[in-house]
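Student: I have a model open here and would like to go through it with you. Could we start with the overall picture and then move to single residues?

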Amino acid sequence: MLKRMVLLILLSVLLCSTRIYAATPKQEVVFSFDFNKRFKLATNQFAVWIENDKGELVKTLFVTAFTAGKGWEKRPDALVAWRKAVQEKPVDAVSGATPKSGRQEFVWELDDRAGNSVPDGKYKLRLEANAAWKTYFEYECTISVNNEEILLGETDHKITGKEPLKQKIVSNITIETRISGKANKKLQCL
């Protein structure tokens, strides 16, 4: 009986396979920057997200796990602007431990939290990083979407909070558009 159960389990695992299919090429936004991990208290938290022209959250692309896991209850100063955008919604992003220093890349495929294509309009890509206890680095770029064509607009960045208003946590920011169309993997059980 046990052998038969093991055989059935193995057979069901074998029937699940990874299929590769070609995605329809489409425009996407690629946002990257150098992250320089700091070894001080209350640093290294960051979030990258998209808002519509009304300032409403469209999608969070990444947020560090401490803040995503309600770390702001322990430290209310963590990522104040992102938390305001998210409000009480569940975190919809890839979150993870604070990354090691190095180049970080995030891709927006012109979709919302549910994976639906966004309507034509103006959007903002936003980044917020805790550079010190109450010192924040913020970056934003206006993005216009028209029939899946993307125009990158004005960018702005600022450092706010308590002195010293210096930061070395984020540098070498780039934002660009590209055509996707790489092969994608899809798990499909037969």
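Student: How much accessible surface does the protein have, and what share of it belongs to carbon and sulfur atoms?

Tutor: The accessible surface comes to about 11700 Å², and 55% of it belongs to carbon and sulfur atoms; such areas come from the Shrake-Rupley method with a 1.4 Å probe, and for residues only the protein chains shown count as cover. Please keep in mind that this is a predicted model, in which local features need pLDDT of at least 70 and side-chain atom pairs count only at pLDDT 80 or more, while totals for chains, interfaces and linings use all residues. Residues are numbered from 1 along each chain as its sequence is written, and side-chain values use heavy atoms, with hydrogens and water left out.

Student: Fine. What share of the residues counts as buried?

Tutor: Of the 190 residues, 37% count as buried, where buried means under 20% relative accessible area, exposed over 50%, and partly exposed in between (1.4 Å probe, protein chains only).

Student: And how many helices and strands are there?

Tutor: The protein has three helices and eleven strands, taken as DSSP runs numbered from the N terminus (H or I, at least four residues, for helices; E, at least two, for strands). Read from the N terminus on, the elements run α-β-β-β-β-α-α-β-β-β-β-β-β-β.

Student: What share of the contacts joins residues at least 24 apart?

Tutor: Among contacts between residues at least 6 apart in sequence, 69% join residues at least 24 apart, a contact being heavy atoms within 4.5 Å.

Student: Let's do the sheets. What is the strand order in the open sheet of three strands?

Tutor: The order is 6-2-10, with antiparallel pairing; two strands pair if DSSP finds at least two bridges between them. Strand 6 (102–108) and strand 10 (170–179) are the edge strands, each pairing on one side only. From one strand to the next the twist averages 20 degrees, with axes being lines fitted to C-alpha atoms (for helices over the stretch in contact) and angles running from 0 to 180 degrees between N-to-C directions.

Student: How many bridges are there between strand 2 and strand 10?

Tutor: Strand 2 (residues 27–35) and strand 10 pair over eight bridges in the antiparallel sense, and Q27 has I179 in strand 10 as its bridge partner.

Student: Strand 7 next. Which strands does strand 7 pair with?

Tutor: Strand 7 (residues 121–132) pairs with strand 3 (residues 46–52) in the antiparallel sense over seven bridges, with N52 standing opposite Y123. Strand 7 is also joined to strand 8 (residues 135–146) by eleven bridges, again antiparallel, and there K122 stands opposite S144. A hairpin of two residues connects strand 7 to strand 8.

Student: What about the nonpolar core: which residues touch the most other members?

Tutor: In the largest nonpolar core, of 28 residues, these are F31, F33, F46, W108, L127 and I143; a core here is a set of buried Ala, Val, Leu, Ile, Met, Phe, Trp, Tyr and Cys residues joined through side-chain atoms within 4.5 Å. Apart from this core lies another, of ten residues, among them L57, V63, A81 and W82. As for F33, the residues it touches beyond four places in sequence include F46, L127 and N172.

Student: Last one, G161: what is G161 in contact with?

Tutor: Leaving aside neighbours within four places in sequence, G161 is in contact with K134 and T135. The C-alpha atoms of G161 and K134 are separated by 5.3 Å, although the two residues are 27 apart along the chain. G161 lies in strand 9 (residues 149–161) and is partly exposed, with a relative accessible area of 46%.
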